[in-house]
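User: I would like to learn how to read salt bridges, cavities and strand pairing from a set of coordinates. Could you take me through them one at a time?

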Amino acid sequence: MRENEEIYVSNIVIEDTKIIYIGEDYLTFSPFDKTIDIGGNLIMPSFKNLHGHAPMVFGRALTDGVSLEEWLNNIIFPLESHLTKEMIYNFTKLAILEYLSSGISISSEMYYYPEEMAKATLEYHYPMHLVCCNKEYENTIKTIDKWQKKSAKPLPITYTVGLHSVYTVDEQDIDNAKKYLSNHKEGLCVHACETEKEVENCREKHSGLTPVEYLDSLGLFNYGGTIYHANWLSDNDYKIIKEKHLIPVTCAGSNAKLASGICPIRELLDQGIKVAIGTDGAASNDSLDMFNEMKQIVALQKIKHMDASIIKPFEVLEMATVNGAIALGLNDSLYVEEGQSADLIEIDLSKPSMQPINDIVSNIVFSGSKDIIKMTIVRGEILYRENKYYVSDDIEKIYKKCQKLADELKKFRNI
């Protein structure tokens with residue numbers, strides 16, 4: 001994942017969570033617990049999902065053809081009011097399975113009951129970055145810390161405090177978040193500028209300020225932050241994003257389905273702003289698939305600018321891997337190099353969609369799909385390989401459990 005880097009044939013030695021050697025003399029590190037011959041397939045850094053609502057798999061394919069406002073107020077909010085901790089815990093597990101099959105080794109999640117999400121992720125040995133928005137986040141964070149210390153296999157479960165959006169919080173929520181972020185010198189994670197109507201409403205309510213301008217005026221971006229969606233940006237928004245080192249996260253699939261808008265990725269990249277990719281939740285996107293996101297990003301940018309050359313496949317692949325790692329502070333999970341974390345995926349080059357190999361990056365971005373992910377390694381541990389999941393559960397039981405819980409929820413729909 002360094003631009004213009006030649007692909008080469010070599011051996012990789014992994015010990016615990018790290019890549020300790022790349023080269024021909026790998027036998028000097030033997031004996032090995034496991035040896036895998038990948039038969040000429042491709043190894044590359046795993047994908048990093050910078051915005052998800054994992055438990056929202058309960059709403060997959062539940063409805064279509066509605067705006068964001070209708071979707072939230074008539075479908076999602078009524079269902080979410082009936083969510084239980086058991087539901088959050090089990091739906092999170094289902095989402096993790098989908099992440100693994102898509103080559104995603106870590107996700108940043110914003111949702112209710114983050115402690116239940118932490119419980120699921122610890123059981124599956126799957127790292128998460130949790131954005132806590134509940135009013136009891138101090139207790140939540142203490143609980144997660146306690147569980148992490150007791151875990152037999154410590155994971156990089158990180159967390160911060162976020163705000164859902166300008167239009168769903170009150171002054172007390174903002175004050176609480178600001179105090180926490182200031183004390184811990186952390187950046188704010190927030191949905192902002194997702195729809196044109198959201199921006200217009202914010203301007204009407206807050207003296208002409210956009211959501212980005214308003215949050216910045218309150219000092220919430222003093223230590224950086226992450227902006228989910230960022231579809232409708234003013235010239236001053238660009239300045240704030242660059243000056244405060246904010247990371248916009250585009251969610252192309254979700255935004256396309258809800259007709260929310262198109263993130264101005266080209267404009268952001270041209271100003272030296274790093275952009276990352278999020279799947280959003282399955283309730284608004286249906287699939288938690290990084291390949292789907294990459295393809296939609298390229299297609300939407302080309303149509304937005306009416307220019308077939310507006311974005312390079314490598315730029316999009318970099319957004320899905322390197323930029324996502326940087327946004328999460330995972331500077332040891334950027335490349336396939338000695339000393340880096342073993343967060344790796346095996347791309348199956350024997351699939352028809354990968355042949356012939358004229359340009360391997362273009363193949364991955366334009367022709368790739370979940371079926372080319374042969375193996376997902378998370379911090380040195382194989383959690384998915386050849387359509388099998390190496391987690392602590394019987395997968396079929398998880399499917400049945402989640403179906404039962406989803407059926408319980410459906411009766412509360414408002415439409």
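**Reading the model feature by feature**

Analyst: We begin with accessibility, keeping in mind that this is a predicted model. Asp332 is partly exposed, its relative accessibility being 29%. Lys18 is also described as partly exposed, at a relative accessible area of 29%.

User: How many salt bridges does a search of the whole structure find?

Analyst: The search finds 14 salt bridges. One of them involves Lys93 and Asp393, whose side chains meet at 2.7 Å, N to O. Lys93 is in helix H2 and Asp393 is in the loop between strand E15 (388-389) and helix H15 (395-410); the pair therefore ties together parts 300 residues apart in sequence.

User: Are Lys93 and Asp393 buried or partly exposed?

Analyst: The cut-off for buried is under 20% relative accessible area. Lys93 is buried, at 2%, whereas Asp393 counts as partly exposed, at 26%.

User: Which residue forms a salt bridge with Arg60?

Analyst: The partner of Arg60 is Glu98, and their closest N and O atoms are 2.7 Å apart. This pair links distant parts of the chain, 38 residues apart: Arg60 is in the loop between strand E4 (47-52) and helix H1 (68-80), and Glu98 is in helix H2 (residues 85-101). Arg60 is partly exposed, with a relative accessible area of 32%, while Glu98 is buried, at 11%.

Salt bridges can also share partners. Arg60, Glu98 and Lys370 are joined into one network in this way.

User: Next, cavities. How many cavities of 30 Å³ or more does the structure hold?

Analyst: A cavity is space where a 1.4 Å probe fits but cannot get out. The structure holds two cavities of 30 Å³ or more.

User: Which residues line the largest cavity, and how are they divided by class?

Analyst: The lining consists of Thr63, Asp64, Gly65, Val66, Trp71, Lys257, Leu258 and Ala283. By class, this lining has four nonpolar, two polar and two charged residues.

User: What lines the second largest cavity?

Analyst: Its lining is made up of Thr250, Ala252, Ile262, Cys263, Ile265, Ile297, Leu300 and Gln301. Six of these lining residues are nonpolar, two are polar and none is charged. Helix H12 (residues 290-305) gives the most to the lining of this second cavity, with three residues.

User: Finally, in what order do the strands of the open sheet run?

Analyst: Eight strands form the open sheet, in the order E4-E5-E6-E7-E8-E9-E10-E11, with parallel pairing. E4 and strand E11 (276-277) are the edge strands, each pairing on one side only.

Methods: Residues are numbered from 1 along each chain as its sequence is written. This is a predicted model: local features need pLDDT of at least 70, side-chain atom pairs count only at pLDDT 80 or more; totals for chains, interfaces and linings use all residues. Side-chain values use heavy atoms; hydrogens and water are left out. A salt bridge is a side-chain nitrogen of Lys or Arg within 4 Å of a carboxyl oxygen of Asp or Glu. Buried means under 20% relative accessible area, exposed over 50%, partly exposed in between (1.4 Å probe, protein chains only). Helices (H or I, at least four residues) and strands (E, at least two) are DSSP runs, numbered from the N terminus. On a 1 Å grid over the protein atoms alone, a cavity is a set of points where a 1.4 Å probe fits but cannot get out, and a pocket is an open set with protein on both sides within 12 Å along at least five of seven lines; lining residues have an atom within 4 Å of a point. Grid points are joined across faces, edges and corners, and a volume is the space filled by probe spheres set on the points. Ala, Val, Leu, Ile, Met, Phe, Trp, Tyr, Cys and Pro count as nonpolar, Asp, Glu, Lys and Arg as charged, and the others, Gly among them, as polar. Two strands pair if DSSP finds at least two bridges between them.
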